[in-house]
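Here is a short note for a colleague who is opening this entry for the first time. Please look through the sequence and the structure before reading the points below.

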Amino acid sequence: MQKTAIAASIATDHLMTFRGRFADSLIAEQLDRISVSFLAEELHIRRGGVGGNIAFGMGSLGQHPILVAAAGQDFADYRSWLERHGVDCESVRISDSLHTARFVCTTDDDLAQMATFYAGAMAEAREIELQPVAERVGGLDLVLIGADAPEAMRRHTAECRERGFRFIADPSQQLAYGDGELIRSLVEGAEYLLTNEYESHLTEQKTGWSAADIAALVPVRVITRGKDGATIHVRGEEPVQVSAALVENPADPTGVGDAFRAGFITGLATGLNHERSAQLGSVLAAFCLESVGTQEYRLDRGAFLQRIAVTYGDDAAAEIDPHLVIHRSHDGSTALPVGP
Ligand SMILES: Nc1ncnc2c1ncn2[C@@H]1O[C@H](COP(=O)(O)OP(=O)(O)OP(=O)(O)O)[C@@H](O)[C@H]1O
Ligand SMILES: [Mg+2]
């Protein structure tokens, strides 16, 4: 089995709802001495962080991705969840003193939000070196470098370039915060650049690179466009469009980008071509969209293949079928994963 490292954040989301309007409790003249508290009605705690989400998705598709990230002492439950889904967590660094990164958000009846992000242990991801990870697992075939503490992303990217590890640049949220210099340092030397459409413009704007400049630097660029699917640009070839998969009941769009990546990389790791890999990613994104949360979808092999067939045709389903390892069948039984 191909060895893929997912170097990207681990976090938990604490999501609350407030039945009322924040605006009713805020007094414009008193904002300099603000002290308000809202009685929340519901609390949902969700496992997240892009690294956790992508690794979970790959594990759900039968891969054993190696998660490279930093978390706190409170990681135990989350770790066992990921391990049950086939994720190798041996290279997760556990901080001595800091909690796992946490996003705390309260939403009111107007859908106004008050949120705080605590980075915590995430900052220690910059202490992680990839070479010992490669030695432990017997080499790395591909490394995804996704949103994380910027210094960690910079270090992992530099190490990939130095040691010749093939890597995917997937800076997502950090594109909004990073300057041109940081972004250029994260993209140079990558074999793949993955972004959504908005981020693709941000990348060009902040780096000052044109699409042609990026094509000269990165052999394969994938741009996702929400319900309009994805476009794959391979240097020197005509772009390939992959339509979004059929979605039955959209419930929650969070995590669709990560699910797309999990499916796409699983496709690459199992030897599918770019188009089939993107179709696999699109179908996983559709199942993610139909569930609430980023790691709440449960896959059924038959239903998954059926979705590929109705969206992309029987040929696509027949081609992907032998590459698809989903341990759950219609009756809900789960076969034990086969070792790496
Ligand atoms: N409404 C939709 N219907 C069907 N598929 C969708 C829809 N939205 C997203 N997808 C699938 O998910 C992929 C990624 O979506 P998108 O481009 O919105 O990513 P993103 O903006 O990075 O998402 P995220 O909010 O998770 O960061 C798309 O290429 C598509 O396959
Ligand atoms: Mg995204």
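Predicted model: local features only at pLDDT ≥ 70, side-chain atom pairs only at ≥ 80, totals over all residues.

1. Helix α1, which spans residues 50-60, is mostly covered, with eleven of its eleven residues buried. Among these buried residues are V50, I54, F56 and M58, together with N53 and S60. Just after α1, G62 takes a positive phi of about 90 degrees.

2. Around ligand 1 there are 15 residues, of which N196, T224, G226, G229 and G257 come nearest. By class, this shell has six nonpolar, seven polar and two charged residues. Helices α9 (256-269) and α10 (274-289) each supply at least two residues of the shell, and α10 gives the most, with three.

3. Several polar atoms of the protein lie beside oxygen atoms of ligand 1: a polar side-chain atom of N196 is 2.8 Å from one such oxygen, and an N or O atom in the side chain of T224 is 2.7 Å from an oxygen of the ligand. V256 takes part through its backbone, where an N or O atom lies 3.3 Å from an oxygen atom of ligand 1. Of the 630 Å² of accessible area that ligand 1 has on its own, the protein covers 74%.

Notes. Residues numbered from 1 in each chain as written. Chains lettered and ligands numbered in written order. Heavy atoms only, no water. Buried < 20%, exposed > 50% of the residue type's maximum accessible area, 1.4 Å probe, protein only. Helix = DSSP H or I, 4+ residues; strand = E, 2+ residues; numbered from the N terminus. Near = heavy atom within 4 Å. Polar contact = N/O pair within 3.5 Å; in protein donor to acceptor, adjacent residues only side chain to side chain. Areas by Shrake-Rupley, 256 points an atom, 1.4 Å probe, with all protein chains shown as cover. Nonpolar A, V, L, I, M, F, W, Y, C, P; charged D, E, K, R; others polar.
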